[in-house]
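Biologist: I am new to this structure. Could we go through a few of its helices together?

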Amino acid sequence: MKHTLIILSAMLLGMVATAQKPLLDSTQMPNAVYFLPAPPDTASAAFMYDKAQYRWGKEQRKDSTRLAIAVNDAVWSIDNICHIFSGVLGFDISEQNTPAIYRMLTLGLLTTDQAGKLPKNHYMRTRPYVYYDEPTIYPQDEKWLRTNGSYPSGHTILGWSAALLLTEMAPDKADTILARGYMYGQSRVIAGYHWQSDVDAARLVASAAVARLHTDKCFMKLMKKARREYKRLSK
């Protein structure tokens with residue numbers, strides 16, 4: 001588990017030029033073990049739905065365009081998130097081009113990511129590709145994610161948190177931002193790495209984490225600067 005967490009942290013940082021620390025740690029974030037139900041029991045109707053959605057995800061892979069999106073979404077890094085949402089916002093989100101937005105998003109996401117650690121370690125749910133003993137669309141992560149809990153989806157916490165933060169910054173583009181954030185989560189079902197209930201739970205965890213983030217004065221200053229930068233770029 002220790003080795004897994006080290007790899008996860010390294011992947012999350014991606015290509016961030018300057019090492020950053022989250023504004024709040026996992027013990028300061030809302031603990032989803034207390035406000036979310038446990039993952040569906042394998043004999044439940046909810047798990048039957050999870051299995052149906054797994055089959056849906058495999059059908060989606062037949063669409064080459066959607067498959068390519070899901071493969072790209074599987075790359076775990078903040079820089080990849082910036083690239084994904086750059087296409088929605090209409091400009092390049094980067095440390096060089098948009099320093100205020102980049103810093104808000106980097107520190108914000110490093111912090112909301114903390115909210116997934118306690119429930120993942122508590123439940124250690126088996127991932128669908130392991131359950132079915134089938135390949136995913138992104139084999140690079142298959143080996144190490146076998147020992148990483150499936151519930152809730154860490155990728156979805158990352159993507160949905162990004163969508164919420166960018167919607168706050170750019171409310172005029174809320175619909176397209178949220179649509180892309182939702183798609184990002186569904187990519188995890190298509191990839192075979194997560195059950196639908198993992199993804200649904202992660203959106204709730206991300207929402208709670210973003211709410212907690214807004215009690216941090218440092219983050220609120222970062223968001224204020226990001227909004228100013230966005231207004232300049234949108235003129």
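This is a predicted model: local features need pLDDT of at least 70, side-chain atom pairs count only at pLDDT 80 or more; totals for chains, interfaces and linings use all residues.

Biologist: Let us begin with H3 and H11. At what angle do their axes cross?

Modeller: The axes of helix H3 (residues 45-60) and helix H11 (residues 174-191) cross at roughly 95° and come within 7 Å. Angles of 65 to 115 degrees count as roughly perpendicular, and H3 and H11 are therefore roughly perpendicular to each other.

Biologist: Which residues make the contact?

Modeller: H3 contributes Gln-53, Trp-56, Gly-57 and Gln-60, while H11 contributes Gln-186, Val-189 and Ile-190. Of the residues in this contact of H3 with H11, three are nonpolar, four are polar and none is charged.

Biologist: Turning to H6, how many of its residues are buried?

Modeller: In H6, 12 of the 14 residues are buried, so this helix is largely enclosed by the rest of the structure. Among them are Ala-100, Tyr-102, Met-104, Gly-108 and Thr-112.

Biologist: And what distance does H6 reach from its first C-alpha to its last?

Modeller: Helix H6 (residues 99-112) reaches 20 Å, close to the 20 Å expected at 1.5 Å a residue.

Biologist: What is Ala-163 in contact with, leaving aside its neighbours within four places in sequence?

Modeller: Ala-163 is then in contact with Phe-85, Ile-177, Leu-178 and Gly-181.

Biologist: How many Å apart are Ala-163 and Met-124 in space?

Modeller: Ala-163 and Met-124 are 26 Å apart, C-alpha to C-alpha, and 39 residues apart in sequence.

How values were computed:
Residues are numbered from 1 along each chain as its sequence is written. Side-chain values use heavy atoms; hydrogens and water are left out. Axes are lines fitted to C-alpha atoms, for helices over the stretch in contact, and angles run from 0 to 180 degrees between N-to-C directions. Helices (H or I, at least four residues) and strands (E, at least two) are DSSP runs, numbered from the N terminus. Angles under 35 degrees count as roughly parallel, over 145 as roughly antiparallel, 65 to 115 as roughly perpendicular and the rest as oblique. Contact means heavy atoms within 4.5 Å. Ala, Val, Leu, Ile, Met, Phe, Trp, Tyr, Cys and Pro count as nonpolar, Asp, Glu, Lys and Arg as charged, and the others, Gly among them, as polar. The expected span of a helix is 1.5 Å times one less than its number of residues. Buried means under 20% relative accessible area, exposed over 50%, partly exposed in between (1.4 Å probe, protein chains only).
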